[in-house]
Amino acid sequence: MKSQIGFFLIGAALTLGSCAEKQEKLSLNWATFNIRMDTPADSMNSWQYRKDGVADFIKKQDIDIVGMQEVLHHQLLDLKERLPEYTEVGVGREDGATKGEYAPLFFKKDKFEVLDSNTFWLSQYPDSVGFIGWDGACTRIATWAKLKDKKTGKVFMAVNTHFDHVGVEARNKGALLIIDKIKEIVRDKPAVLTGDFNVNNQSEAYKTITHNPFVLKDAFKIAEERSGADHTFHDYGRIDKSECEMIDFIFVTSQIDVDKVFIPEEPLRKDSIQYLSDHNPQVANIEF
């Protein structure tokens, strides 16, 4: 009898321990950030004057995972040098290696294990490197990583993209392709989609993402607390604030709660003319 009671107590303890582990929540700071490609046309806003500020912002915000856009290869190297505690996945969109803009994911190397990762092209042929899809004007990509949190063991997916600035069909079909990839790769596990979508929340592409049967929610809209700006693109302050739009979004699956969203007002200091980028980054504190 004592033996049976002992086995029962051990079994109950193991069950309670298992339940506690499953109920443990993972809280992350997640960001989307179009860092603006390096071009001499930006003059005093060119990358050489902004790269330290971009890296410092990521560190000061204690960002766990960030999806970036418009990252050229030398910019990627600059960021890797300044963010040694992070690792990254991603390739150049023109050749699947180092040519053209990346849409990389940076994440803290000590917190996450990469289970799988890849880049696909937003086109009728997702595995065709450099292929321009549908009515798009440029080659467009999405980079993803299936990650495991080392502490909790939770598995989730990060996807980062940069939609076409011209093609309406390219944006809509690209959105559907990304949704299909999420369902294929992680099924019902949590997923976060970041990106510069080149349209606001009244667009067809936004509605395709948020009104699809596989719903992705806009983190900014569902956040319990919002602070800072209500827009992302400002063209280095050249656009009047009343006309600035939110075109950079963080979308989350239904398992994810959003505690806070922060969009810094640019420039960060009132006495400065120095900008991080022509886009504001968006940072969300999420939990699942």
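Is Cys138 buried, exposed or partly exposed, and what is its relative accessible area? Select Cys138: this residue is partly exposed, with a relative accessible area of 23%, where buried means under 20%, exposed over 50% and partly exposed in between (1.4 Å probe, protein chains only). Now pick Cys244, which is buried at 12%. The structure holds zero disulfides, a disulfide being a pair of cysteine sulfur atoms within 2.5 Å.

A word on the model before we move on. It is predicted, so local features need pLDDT of at least 70 and side-chain atom pairs count only at pLDDT 80 or more, while totals for chains, interfaces and linings use all residues. Residues are numbered from 1 along each chain as its sequence is written, and side-chain values use heavy atoms, with hydrogens and water left out.

**Stop one: strand 7**

Select residues 155-162, which make up strand 7; helices (H or I, at least four residues) and strands (E, at least two) are DSSP runs, numbered from the N terminus. Eight of the eight residues in strand 7 are buried. Val155, Met157, Val159 and Thr161 point one way, and Phe156, Ala158, Asn160 and His162 the other. In a regular strand the side chains alternate between the two faces of the sheet.

Look for Lys146 opposite Met157. These strands form a hairpin with five residues between them, and Gly153 in the turn has a positive phi of about 80 degrees.

Next, show strand 8 (residues 191-196), parallel to strand 7 over six bridges. Here Asp196 is the bridge partner of His162. From strand 7 the chain crosses through helix 4 to strand 8 in a right-handed β-α-β crossover: with the strands pointing away from you, the path from the first strand over the helix to the second runs clockwise.

**Stop two: the largest nonpolar core**

A nonpolar core is a set of buried Ala, Val, Leu, Ile, Met, Phe, Trp, Tyr and Cys residues joined through side-chain atoms within 4.5 Å. The largest has 52 residues, and Leu28, Ile65, Phe156, Ile178, Ile182 and Ile286 touch the most other members. Helix 4 (residues 168-186) gives the most to this core, with seven residues.

**Stop three: His279**

Finish at His279, in the loop between strand 12 (257-263) and strand 13 (282-287). His279 counts as buried, at 3% relative accessibility. Its side chain makes a polar contact with that of Asn34 (3.5 Å); such a contact is a pair of N or O atoms within 3.5 Å, and within protein one must be able to donate a hydrogen and the other to accept it, while residues adjacent in sequence count only if both atoms are side-chain atoms.

Notes
Two strands pair if DSSP finds at least two bridges between them.
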